[in-house]
Amino acid sequence: MNIGIIGSGKMGKRIAEVTEEYQHQPLSLTESLQATEELSFAQTPAVMIDFSHPAGLDKILRYSKAHQVPLVIGTTGYTEEQFAEIAQAAQTIPVLYSANFSLGIMVMNRLIKQAAKDLASWQIELIEKHHSQKKDTPSGTAKRLVETLQSVRELTPVYQWTDEPRKDQQIGVHSLRAGSFPGEHEVLFATKDEVLSVKHEAFSNRIFAEGAVQASIWLAEQSAGSYQLEDLFEPRGGA
């Protein structure tokens, strides 16, 4: 199967390597995303994986819809309007979006959701660390973790430093950018006498590439709809 890869950076190269390991053919753009008005591959891919930049979304969606190519999106930093465009595209093509393609993060989401239910009176803080070149703050994964917690608790994120004490219905989100951290996310549940920590560390971007390739192979067989990484393991059909 031909898998179109959008993104020429480290992730794009790693995805191409993993695609070949899975016995599929990676296809790169014939011209860079920034240099062309419309996407172009040597041949139409069976599915596409996007790890590029939010500015290229319109071009990517146009190509995907015009050629009916399922689309896996790992790019982060989208606006609310862009997420609406992605949702609209999913009415005619299969689209799977995830801010993090790590299977460990997927399980972490489940764990913190259960902990937030069981420890309803405990305070919650989130700490995320990434390399100094990461552009979006907080990370897309951190935002997803907050959304998971908000699905079971009324929580207001606090993203900036403050001189005021933390309120029970607030969750502090702390972003660190330094060195070459591939990615680290930790959710702390705290009360007066004890702390529970749920932490995930990524030591290589290979885990994200492998998750994206697995998702693309699965998505190529799906009908139009909006999908999440969890659907690979708990199928629910398009939504």
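Predicted model: local features only at pLDDT ≥ 70, side-chain atom pairs only at ≥ 80, totals over all residues.
View 1. A pocket here is an open set of points on a 1 Å grid over the protein atoms alone, where a 1.4 Å probe fits, with protein on both sides within 12 Å along at least five of seven lines, and lining residues have an atom within 4 Å of a point.

**View 2. The centre of the second largest pocket.** Look for Tyr97, Ala99, Arg144, Glu147 and Gln228, which lie nearest the centre among 29 lining residues. Two or more residues come from each of α3 (80-89), α4 (103-118), α5 and β11 (225-227), with α5 giving the most, 5 residues. Helices (H or I, at least four residues) and strands (E, at least two) are DSSP runs, numbered from the N terminus.

**View 3. The largest pocket.** Closest to the centre, out of 48 lining residues, are Lys10, Met11, Phe51, Ser52 and His131. Here α1 is the top contributor, with 5 residues. At least two residues each come from β1 (2-6), α1 (10-21), α5 (140-150), β9 (183-190) and β10 (195-202). Again, domain 1 and domain 2 each supply at least three lining residues.

**Notes for all views.** Residues are numbered from 1 along each chain as its sequence is written. Local features need pLDDT of at least 70, side-chain atom pairs count only at pLDDT 80 or more, and totals for chains, interfaces and linings use all residues, while side-chain values use heavy atoms, leaving out hydrogens and water.

Notes: Domains from an automatic or database assignment.
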